[in-house]
Structures are given as structure tokens and as C-alpha cells.
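Dear colleague,

Please find below the structure that I am handing over to you.

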Amino acid sequence: MAAAVFNQASGIVQPHHCLNKCSNHQELGSVSYRFSQKVLNFEASRSIRGTQASELRNSSVARVSAQAPVLNPVIIPSKSDSTEPKKKSGEAALILVRHGESLWNEKNLFTGCVDVPLTNKGIEEAIHAGQRISNIPVDMIFTSALIRAQMTAMLAMTQHRCKKVPIILHDENEQARLWSKIFSEDTKEQSIPVVTAWQLNERMYGELQGLNKQETAERYGKEQVHEWRRSYDIPPPNGESLEMCAERAVAYFKDKIEPQLLAGKNVMIAAHGNSLRSIIMYLDKLTSQEVISLELSTGVPMLYIFKEGKFIRRGSPSAPTDVGVYAYTKGLAKYRQKLDEMFQ
């Protein structure tokens, strides 16, 4: 299920939103996406050796988890002059899911932007995440450029009741666009576009990448490692701080994802602990002190409703059923009822 990772080159992907047979959306439209190659500039932090350890913060860790069902509508590349999705009234669902356990999670290594696949447990977590969101509509999927996030999105969608196929949009060059073109309109209608973006990648851990977390703490001190991992604005050596990660992730969310929600499209984002924490900081208006204590479980979806320009988190993780967990709105309830009627 793993999709090949590619670098986003400059160009335009123009997906066409086809009539969704399984969704309440009954309109045709088109949107286009523009990606440009960017180079990350990472600050070089002070040398590890001789760094004075800072005090551990005694903040409690907030466990954030949720459970959800997935998306429905469709968007496929097409030649269109439109550069912005049309604004639409109503509500849209936003699903956030952290990738399942990776092979380096299992080995307790700093992973960052190293491209590591899922473990068997991670695959199971992704499938379970898909089961939780199998009754929630999904029109578009955004993932990072890293394989563990892409695997999570693809595996989750195998569980969706509408049975649409997630398809990664390739825009590396003109040949990639031509070679991945779909010529069947019926097939397009049963597809969900997947947009990959390096801006949603995990925080780059610099010189810590590939090191064992326990051994690193023993070598440099728990307080120093805690500062690198949990402070908001202090990066590890030659890496990114959470603040730096938030700058790119939130900017991408505002520029590329929020317009889709404004247009009424239901979106799933499969990404990483720090890039998702950054986005949640924006959605929930958290302070820099609040976000550093935020923890996200692997493979556990969170659901937001975007309505009238506001993001509202839905549900309680302790609820016994997905309807209770996600505190369905009337629109989501109607969508699930339609699925029930279709698949009786």
C-alpha cells in the first residue's frame, strides 16, 4: 500500500471534483493546486558539548485522542483555469490522524524527516483508524511527503464504506502528470485525490536523527534532551524547533487546506506528531506553553467541524460508539444514514 515519496516541484495540479454518488454534495466544480520547490533553512544551534541543561518543565502531558469515520467526494487532475475553490456555505469535516507506529518508533530512535515505513502494529493502527472514520465523508486527503503518513492514509481508506480509491497526485514534472492521467470519468468519480506536501513533514531533528532516545538522554542528560524535544523555540543541533515546524505547517494549512474547507470539501490530514500539534495549536488557539504539553496518539483520528469560519472539535474519546465519540452534526448523521441505506 505504500506510495512512492516524491519531492514537490513547481507546477500546477488541477483536480476536478466529480459528482459524488455516495455524498450529499451534488455539484461539479474544479480546483487547482500550485506547489513550489522550497528549501528549508534550519538554524544551527549551539554545540551539544558544553550545553548547560535547563530545568525540566513540570507541565502535565495532555493526552489528546479521538476516533472517527472517513471521507467521500472526489477530485482528479483536469485542465482548468480556476486557481481557487469556490466558497460554499455549510459545514465541512476535518480529520487529523497521526501516522501509525514506524520501525524507528519501535526501535526508540529519533526519526524526524528520515523516511521510515510502518511496523505491523502501525499497519494495524492505520486500519483501525480507518474503521473509526468509515462513516465520515472524505473529499480530499493531504499527507506529508513521508511514507509512514502516506501508508496510514492509504490503509485507513481501505476501510471506508464508500469504497473510493485514494490516488496520489503526481506533479513532479509534465511527464509525471501525463503518465498518471486517468481517462475514465467513472473511475475519476470513484477516486479521492491525495496531495503530498513536505510542509506537513515531521519536525526535522537535525543531528539527533537516527540516535537512540534513551542513549542520547544518558549521554547529554535528560533535561537537555527534554529541552530539545519539548521546548517551543529551542531546536536540536542543526534541526527545527516546534516553532519552526509550526511556521511551515500552519502556513501550508492556511494556504492550501483551509480554502478547500471553505469550499465545503471534507478533508483528512495524515501527518506527524509535531506538524499536527502545530495545526492543532492554530485550530484550538493554544499558547506556546499549552502546545508543548500536547500529545497525540498514533493512529487515533481527531474530528473537527469547520463552520462559519470556525473550527469546532467534536466528541469525547471515552464515548462507547463512534456517533458518541464524534458528536455527529446533522450533516454527518445524514451522510451516515445514506451509507446505511446504500449498503443494507
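In what follows, two strands are said to pair if DSSP finds at least two bridges between them. Please note that this is a predicted model.

I begin with the sheet. Seven strands form an open sheet with mixed pairing, in the order β9-β10-β8-β11-β7-β13-β14. Its edge strands, each of which pairs on one side only, are β9 (165-168) and β14 (310-313). On average, and with direction ignored, neighbouring strands of this sheet are turned by 25 degrees against each other.

Within the sheet, strand β8 (residues 140-144) runs parallel to its partner β11 (residues 267-271), and the two are paired over four bridges. In this pairing, Phe142 stands opposite Ile269 in β11. Helix α3 (residues 147-157) lies across β7 (91-98), β8, β9, β10 (191-197) and β11, and its direction makes an angle of about 150 degrees with β8.

I turn next to the aromatic side chains. The model contains seven aromatic pairs whose ring centres lie within 6.5 Å. In one of them, the ring centres of Phe306 and Phe311 are 4.5 Å apart and the planes stand at 40 degrees; the pair therefore counts as tilted, because stacked requires under 30 degrees and edge-to-face over 60. Both Phe306 and Phe311 are buried. These two residues also belong to a cluster, linked by ring pairs, that includes Phe253 and Tyr282.

Finally, a charge sits over a ring elsewhere in the model: Lys213 lies over the face of Phe110, 5.7 Å from the ring centre.

With kind regards

Notes: Residues are numbered from 1 along each chain as its sequence is written. This is a predicted model: local features need pLDDT of at least 70, side-chain atom pairs count only at pLDDT 80 or more; totals for chains, interfaces and linings use all residues. Side-chain values use heavy atoms; hydrogens and water are left out. Axes are lines fitted to C-alpha atoms, for helices over the stretch in contact, and angles run from 0 to 180 degrees between N-to-C directions. Contact means heavy atoms within 4.5 Å. Rings of Phe, Tyr and Trp (its six-membered ring) pair if their centres lie within 6.5 Å; planes under 30 degrees apart count as stacked, over 60 as edge-to-face and the rest as tilted. Buried means under 20% relative accessible area, exposed over 50%, partly exposed in between (1.4 Å probe, protein chains only). A charge sits over a ring if NZ of Lys or CZ of Arg is within 6 Å of the ring centre and within 35 degrees of the ring normal.
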